[in-house]
Amino acid sequence: MVGISDYAHTDLAAMPAADMGAEHLGRLLRDPSIWGLAQEHVTVLGRGTTQEQILTAVRDAALAAEDTLVVYFAGHGLRDPGERLHLALLDADPDYPQIGTLPYRQLRDLIRHAGHRAKHRVTVLDCCYSGIAGGMSGAAGPSRDDLATALDEHDDAHAAGGGDEDEYGDCVLASAPAQSRSFVRPGAILPEFTGELVATLESGIPGVGPVITLERAWLRIRDRMRSRGSPEPQLFAQNNATHHIHFRNRAPHAGDEREGAASGEGVASDPGPGSDPGPGPGSLERFLAARDAAERAARAIPDAYTGMSCLADLAVATVTADPAGARKLADEVIRRSPDGTDSTRGALLLAKAAVCLATLDPPRAGLLVDEAERTILAVPDPVDRVAALIQLTTPVAAIDRERATWLVGEAEDAAYRIPDLREKSSAFRLVAYSGPLKDSPKWRQRLKDEAEEYGNDAAGQREFAEAARVSARGAARAVGVKQKTVKLLDQLWKAVELVKIAKELVGSGHHHQAVELLVEVERMIPEVGPRERGQALSELTLALPACLGGGAARTIPDRVLALTARVRLAVDGFSDDARGDRMADVAHTLTQVAWQLADSDPRRGVALIHDARSLTARLDVSTRKQHLFEDTLARALIRVGKALAPLDAEEAVTLAHEAREIVRKRPRYLQDVAGGAVSTLAQAAQALALSVPDRAEDLLRECETLTQDLPEPHRESALLDISRAMSGAARAIAGTDTERVDAFARRAERVARGLPDERRGFALSEIAHALLDTGRALAGSDPDLAADYAREAERLARQDAAEHRDTRLVEIVLLQAELAPRRPAYADRARRTADRITDDDQRAYALWHLAKALAPADTEAAERIAQAIPKPDFRAFALTEIAKAWL
């Protein structure tokens, strides 16, 4: 049984249904109630299987077969210009079918040569153009030459084998004619042809006796697909082979075992090779047993809503296998929907039950959805209404996708009605990531942009409100000062007093009120006498950095800069020996504002820095003022450079180098700036990793060199930033260049090893994050390499502190769970990783994902994992997924 689900070429869509088809058909052939093959006589090959592995497995099975050999393939089929069929494997190229494929002729020849002892040789092809195997055109019947092509029949084919020639024969079942494609119907877990074959074997055919011939099964499949207008499957048979191959019939039947023979079908009494004639548990029985186990687990969940939700999911899974049982579960969910829950939760349970009833009782399902919708639309609080509407979209989408999309629109409208900006931002983010918007990327992006904008507004609004607080005492003092006598000498006193009050207001967080007082002072300057004006200006400019460079700069930057510009003009218009120092205060203020604007508007910060430097370049400034300005300038360069790195990495590099030039003048006083320059260069390297990787590596080497001259603790901080930047660079190129990822990760780990314990664990965890991103990117194309990255990530994550280690280990289990269906060893590794998670909730979550991923491929192993889940709700969720897998 071969099912190829993954393909490297972008023009070949992934086909998980093919892998599922091989697994499911293999289970049926082993089932004693259908055919009863021994476990070791059925080989299933799935994702990533190579041509050599397929041919080796076919050879071994063919050499061992004495009665019947069955070879099944599901996946993409390609045809070459010579109209020859090629079975696509992982590296297949649809433009050049000879590459990365298994030529059908090669497979056929191997079956013929190695399987010469088998009485019957059956090839089942569920792929596009599979009818080429018989040389068919359209739906017409095969000619003798077509049969010879498909089966490689020769006149003396059975001479050497002896026996009745009519008992010997080959057959090929093709899912579609030579010029037609095969399909996986939307929402189906199996390819269409395979799904019909599985359904026929599982359910049987009523009224045809205790066994079903292969021909009878094929006729039923053909009729069902023909009635849907699907491509018509093809059958090529030799010597009535399809009359001699038969399966036990699970459907109710009348008459004895010879009923089929009496009707001319030639059914043998032996139900199948190597089978036990007694009844055995089929997949239906296994499903019902798994369903019952999941139901018991759901009823054990303490939270009533969670338990009922799980029962609703079970009802949906049970619909096709046990309609009566499904209806019973759905009725219980509906009956208990008000119990122990609020009206919103009750409505959601009604919608979940409606999914089950959509196929059993569509009118009732529609009424339930209507009731759930009315209840949730009536929720008064818009925050709660948004959350409930988005939850409602999930069950509704399973019934009516257009209606689910309409509900998303209602949720968006409700989000606009939320008054609090922070809650509004969260609501828009919730709507943006709703399931129905998966296929609407523009709508989703617009909502994400809204969420970010409202989030920024909320943060700005909170800070503005805090900075705009008014001090009644400060206001009273200011009024008292302004009401004093108006002599020219008193104007200087007023200016000095108002500046003093402004400084005190800033100290107590009343930033806007302080700005208003400084505006008053600036307006008073022309009224101060010429002899005292210089002192008044000095008092004002000296207060500017402290009063304008903090909360006011962040919340009312335009007003702050307008005031600074007017003060600058006043300083320019009054010439004395202190003019340079006053202008240095103005420049100092501009750099402070640039520092505060770094996050919100880094490019404006760059412009302010350049403006500040130009102010002091042409004036005589005292050494003390110059040093104070340079200190602030250097820190502003670093602050703005870090914020600018993701937007303009090269400009950030320039700012870091400018800061280092200032450090060289005063190394003893600016050691923190030297470390900050290294961090800025590292962040710029991270930003360049994807677009200009060589430049990024050069910058990282420069960073490592510069850290050698840094004293502690600045060296430790810089090394941590370098390690994080290397990890970030590896994440940026994850899946595109594994060699560079490995190089960045090795260098990051080497740097991290030089950090103290409390910082080393964090740095190693960041590297593990990068390796996980790479593993996730490779999971589909190279699962073995992805597993290697997961293993390396686990090695690093286990060295982190316990409170952070569990979170990273969960991420590792999720990657290993994605790989587990392809290799059993990956499941074992994931289980061991999960066992290292100390927090019960996180371990339960990880094991649930592992059981869910493993259920379709190895249901019994998934059951063992589910039983080990420490939390009853996650255990019930896992058992529900396992029950679904048995279908």
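Trainee: What is the handedness of the crossing of H26 and H27?
Mentor: The crossing of H26 and H27 is left-handed. Please keep in mind that this is a predicted model.

Trainee: Which residues make that contact?
Mentor: From H26, the contributors are Glu630, Leu633, Ala634, Leu637, Ile638, Val640, Gly641 and Leu644. From H27, they are Ala649, Glu651, Ala652, Leu655, Ala656, Glu658, Ala659, Ile662 and Lys665.

Trainee: How many of them are nonpolar, polar and charged?
Mentor: The contact of H26 with H27 has twelve nonpolar residues, one polar residue and four charged residues.

Trainee: And at what angle do the two axes cross?
Mentor: Helix H26 spans residues 623-644 and helix H27 spans residues 649-665. Their axes come within 8 Å and cross at roughly 160°. Angles over 145 degrees count as roughly antiparallel, and H26 and H27 are therefore roughly antiparallel to each other.

Trainee: Let us move to H36 and H37. Where are they, and at what angle do they cross?
Mentor: H36 covers residues 840-854 and H37 covers residues 859-867. The axes cross at roughly 165° and come within 8 Å. H36 and H37 are therefore roughly antiparallel.

Trainee: Is the crossing of H36 and H37 left-handed or right-handed?
Mentor: The crossing of H36 and H37 is left-handed.

Trainee: Which residues meet there?
Mentor: Leu847, Leu850, Ala851 and Leu854 of H36 meet Thr859, Ala861, Ala862, Ile865 and Ala866 of H37. By class, this contact has eight nonpolar residues and one polar residue, with no charged residues.

Trainee: New topic: Glu295. Is it buried or exposed?
Mentor: Glu295 has a relative accessible area of 18%. Buried means under 20%, so Glu295 counts as buried. Glu295 lies in helix H9, residues 283-299.

Trainee: What does Glu295 touch?
Mentor: Leaving aside residues up to four places away in sequence, Glu295 touches Leu311, Leu314 and Leu329.

Trainee: What about Lys328: buried or exposed?
Mentor: Lys328 has 65% relative accessibility and counts as exposed. This lysine is in helix H11, residues 323-336. Lys328 and Ala315 are 13 residues apart in sequence, and their C-alpha atoms are 8.1 Å apart.

Trainee: Where is Gln234, and is it buried or exposed?
Mentor: Gln234 lies in strand E9, residues 234-237. At 4% relative accessibility, Gln234 counts as buried.

Trainee: Which backbone atom lies 2.7 Å from its side chain?
Mentor: The backbone oxygen of Glu232 lies 2.7 Å from a polar atom of the Gln234 side chain.

Trainee: Turning to the backbone, is the peptide bond from Glu712 to Pro713 cis or trans?
Mentor: That bond is cis, with omega near 0°. Pro713 lies in the loop between helix H29 (693-707) and helix H30 (714-732). Most peptide bonds are trans.

Trainee: What is the phi of Glu83, and where does this residue lie?
Mentor: Glu83 has a positive phi of about 60° although it is not a glycine. Glu83 is in the loop between strand E3 (77-79) and strand E4 (85-88). With 37% relative accessibility, Glu83 counts as partly exposed.

Trainee: And what is the phi of Tyr129?
Mentor: Tyr129 has a positive phi of about 65°, although it is not a glycine. Most residues other than glycine have a negative phi. Tyr129 lies in the loop between strand E6 (120-126) and helix H4 (144-151).

Trainee: Is Tyr129 buried or exposed?
Mentor: Tyr129 is buried, with a relative accessible area of 10%.

How values were computed:
Residues are numbered from 1 along each chain as its sequence is written. This is a predicted model: local features need pLDDT of at least 70, side-chain atom pairs count only at pLDDT 80 or more; totals for chains, interfaces and linings use all residues. Side-chain values use heavy atoms; hydrogens and water are left out. Axes are lines fitted to C-alpha atoms, for helices over the stretch in contact, and angles run from 0 to 180 degrees between N-to-C directions. Helices (H or I, at least four residues) and strands (E, at least two) are DSSP runs, numbered from the N terminus. Angles under 35 degrees count as roughly parallel, over 145 as roughly antiparallel, 65 to 115 as roughly perpendicular and the rest as oblique. A crossing is left-handed if the near helix is turned anticlockwise from the far one by less than a right angle, and right-handed if clockwise. Contact means heavy atoms within 4.5 Å. Ala, Val, Leu, Ile, Met, Phe, Trp, Tyr, Cys and Pro count as nonpolar, Asp, Glu, Lys and Arg as charged, and the others, Gly among them, as polar. Buried means under 20% relative accessible area, exposed over 50%, partly exposed in between (1.4 Å probe, protein chains only). A polar contact is a pair of N or O atoms within 3.5 Å; within protein, one must be able to donate a hydrogen and the other to accept it, and residues adjacent in sequence count only if both atoms are side-chain atoms.
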